[in-house]
Amino acid sequence: MESPRRAMAAVVHALVALSVAGAAAATAGRGGEQPLSRIGIHRATFAINPGASVDASPLLLGLEGQDTEWVTLTYTNTRPSKDDWIGVFSPANFSDSTCPSESQWVEPPLLCTAPIKFQFANFKNLDYEKTGKGSMRLQIINQREDFSFALFSGGLSNPKLIARSKRVTFINPKAPVYPRLAQGKFWNEMTVTWTSGYGTREATPFVKWGIQGQVQNPSPAGTLTFSRSTMCGPPARTVGWRDPGFIHTSFLKDLWPNFMYTYIVGHRLFDGSIIWGHEHSFQAPPYPGEDSLQRVVIFGDMGKAEADGSNEYNDFEPGSLNTTYQLIKDLKNIDMVIHIGDICYANGYLSQWDQFTAQVEPIASTVPYMVGSGNHERDWPGSGSFYGNLDSGGECGVPAQNMFYVPAENREQFWYSMDYGMFRFCIVNTELDWRPGTEQYKFIEHCLSSVDRQKQPWLIFLAHRVLGYSSASFYVDEGTTEEPMGRESLQPLWQKYKVDIAMYGHVHGYERTCPVYENVCVAKGASNYSGAFTATTHVVVGGGSASLADYAGVRARWSHVQDRDYGFAKLTAFNHTTLLLEYVRSRDGSVHDSFTVSRDYRDILACGVDDCPSTTLAS
């Protein structure tokens with residue numbers, strides 16, 4: 001007869017599985033299933049097979065300072081199956097990890113931490129089921145701990161551990177990695193954020209930086225981290241938890257406009273030695289209102305993918321690598337990137353934040369990489385989010401708020417304004433209430449109303465969920481073309497303050513409206529708009545990578561261009577009178593749609609529909 005303790009354990013583990021499955025199901029429709037959620041790691045058992053083995057080579061990584069290495073695996077199994085799979089675990093002694101106690105009466109599972117990535121044993125080994133032999137190459141990034149590779153039978157739902165490799169480690173697992181730039185709270189301030197294994201009790205973090213070719217000086221960095229207890233639920237608190245290490249941010253102040261700077265992050269150990277990262281460079285922002293070429297890339301919903309074909313490539317995030325590649329390829333022609341929510345789709349599997357920062361490091365280390373909050377970062381029942389769904393996988397915003405810097409007054413709120421040259425960006429948080437009377441509504445109106453259009457003629461509104469217009473079938477099925485109460489709450493502000501373009505993610509694809517106000521095209525959709533402001537053009541650019549959305553069969557009159565493909569938008573301000581938006585497809589870098597706005601300061605002052613106060617004979 002089964003013991004009461006084991007029976008209770010089964011119940012608790014079933015509840016954990018259900019909550020994880022629920023989170024996966026909730027995200028499957030609009031973001032894709034997080035592939036690691038398919039693994040029933042809490043059901044894993046030992047079934048060591050003396051005839052099975054996993055060999056990894058090399059065992060020591062990063063001998064030349066690399067943060068990313070390829071490891072070759074060779075493996076055998078005397079009882080092979082098409083369901084056999086390889087899991088990458090970190091720390092290496094994954095079966096010795098301590099599971100969080102659900103109850104004093106509950107026996108913890110054998111394994112309580114999901115792998116960082118996985119691949120089926122027959123991947124590119126077509127005769128594996130006959131021979132029981134296979135090999136593969138997997139890409140490993142430095143994540144502060146050692147690694148081991150385990151061979152499982154029983155498929156993903158009932159894994160049985162049959163063999164594991166020797167320990168693989170980077171020569172310095174704690175090394176500072178994956179620096180990411182962001183604009184500070186002032187136009188002439190840049191922040192550098194990076195991750196390491198060094199806490200402040202072991203080393204002092206800093207950045208050595210200066211104008212390129214001149215004396216480089218140090219600036220101190222602050223250090224943050226977060227714990228399992230700050231997560232709101234599973235899998236972030238259970239099988240998805242992984243220690244995030246330490247996150248450091250330094251503020252590089254009093255930058256000279258447009259000058260090139262070099263920087264390198266470092267940690268001074270208490271014995272006086274210094275552990276260095278890699279040297280990078282960036283161009284300082286232009287002076288506010290400066291009449292120069294300024295180029296900003298905007299997209300949402302990119303996530304991460306694996307270059308080695310593991311986890312989700314061609315499955316969960318099929319466009320992610322293409323989008324990343326196109327940005328890297330065009331980096332000399334990009335001044336800033338704004339990722340408006342659904343950043344990496346970790347969905348509670350914390351190891352994926354490291355994977356994402358490694359993927360975008362060539363971009364984020366060179367130009368400011370600004371982020372917004374999306375449903376897959378923030379939403380969790382009872383956590384204060386506007387939507388009480390399971391999309392964040394229990395993260396409830398904590399990793400996003402720590403892994404990336406944003407110049408918000410309150411990083412928990414995650415809304416902020418940003419001036420860059422001739423641009424004013426108002427980045428809102430759709431996962432917190434934006435309706436009239438709320439704190440965020442007051443922020444939105446202040447951001448729109450306080451801009452000096454002589455300096456920043458181009459006023460851009462950014463949000464993750466669609467607060468304007470979208471033809472996505474999941475909106476139409478709900479009887480709307482937006483988030484409920486979205487444009488009804490905000491369109492008077494967009495019209496009054498003459499917002500040039502409002503841009504959104506969430507819908508995985510591209511759509512552009514005509515200049516539209518209250519569902520009516522105030523001007524026809526076109527490739528060029530000139531003269532006085534008429535109405536805001538709404539652009540959905542959520543095709544960074546996640547599974548593509550469907551569009552409604554009947555097309556609204558305000559929908560000018562649609563494209564069910566992966567891509568991103570690029571805004572180019574040539575001067576104070578000409579703005580260009582290009583929609584670029586990720587798969588080939590081609591420009592699929594574009595339009596220009598030509599306008600001078602008198603046009604901005606001119607009255608449009610409902611955006612000037614009425615007058616009487618008395619006035």
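This report looks at the disulfides, the salt bridges and the confidence of a predicted model.

## How to read the model

Residues are numbered from 1 along each chain as its sequence is written. Because this is a predicted model, local features need pLDDT of at least 70 and side-chain atom pairs count only at pLDDT 80 or more, while totals for chains, interfaces and linings use all residues; side-chain values use heavy atoms, with hydrogens and water left out.

The score called pLDDT is the predictor's confidence in each residue, from 0 to 100. Across the protein chain it averages 91, and 91% of the residues score at least 70. Where pLDDT is low, the predicted coordinates should not be read in detail.

How many disulfides does a search of the whole structure find? There are 3, where a disulfide is a pair of cysteine sulfur atoms within 2.5 Å. One of them joins Cys232 to Cys396, with the two sulfurs 2.1 Å apart. This link is right-handed, with 85° about the S-S bond.

The pair connects distant parts of the chain, 164 residues apart. Cys232 sits in the loop between strand 14 (217–224) and strand 15 (246–252), and Cys396 is in the loop between helix 5 (375–378) and helix 6 (398–403). Helices (H or I, at least four residues) and strands (E, at least two) are DSSP runs, numbered from the N terminus. Cys232 is partly exposed, at 32% relative accessible area, whereas Cys396 is buried at 6%. Here buried means under 20% relative accessible area, exposed means over 50%, and partly exposed lies in between (1.4 Å probe, protein chains only).

Another disulfide joins Cys426 to Cys447, with an S to S distance of 2.0 Å. Why is this disulfide left-handed? The torsion about its S-S bond is about -95°, so the link of Cys426 and Cys447 is left-handed.

Cys514 is buried, with a relative accessible area of 1%, while Cys521 is partly exposed at 29%. Cys344 is in no disulfide, and the nearest cysteine sulfur, that of Cys396, is 14 Å away. Cys344 is buried, with a relative accessible area of 1%.

Now for the charged side chains. A search of the whole structure finds 24 salt bridges, each being a side-chain nitrogen of Lys or Arg within 4 Å of a carboxyl oxygen of Asp or Glu. In one of these, Glu306 pairs with Lys117, and their closest N and O atoms are 2.9 Å apart. Glu306 lies in the loop between strand 19 (294–299) and helix 3 (320–329) and Lys117 lies in strand 6 (residues 117–120), so the pair ties together parts that are 189 residues apart in sequence. Glu306 and Lys117 are both buried. These two residues also belong to a network of salt bridges that links Lys117, Lys304, Glu306 and Asp308.

Glu202 and Lys174 meet in a salt bridge too, at 2.9 Å from N to O. They are 28 residues apart, with Glu202 in the loop between strand 12 (190–196) and strand 13 (203–211) and Lys174 in the loop between strand 10 (169–170) and strand 11 (177–183). Glu202 is partly exposed at 32%, and Lys174 is partly exposed at 30%.

Asp611 forms a salt bridge with Lys498, their closest N and O atoms being 3.5 Å apart. Asp611 is buried, at 7% relative accessibility, and Lys498 is buried at 7%.
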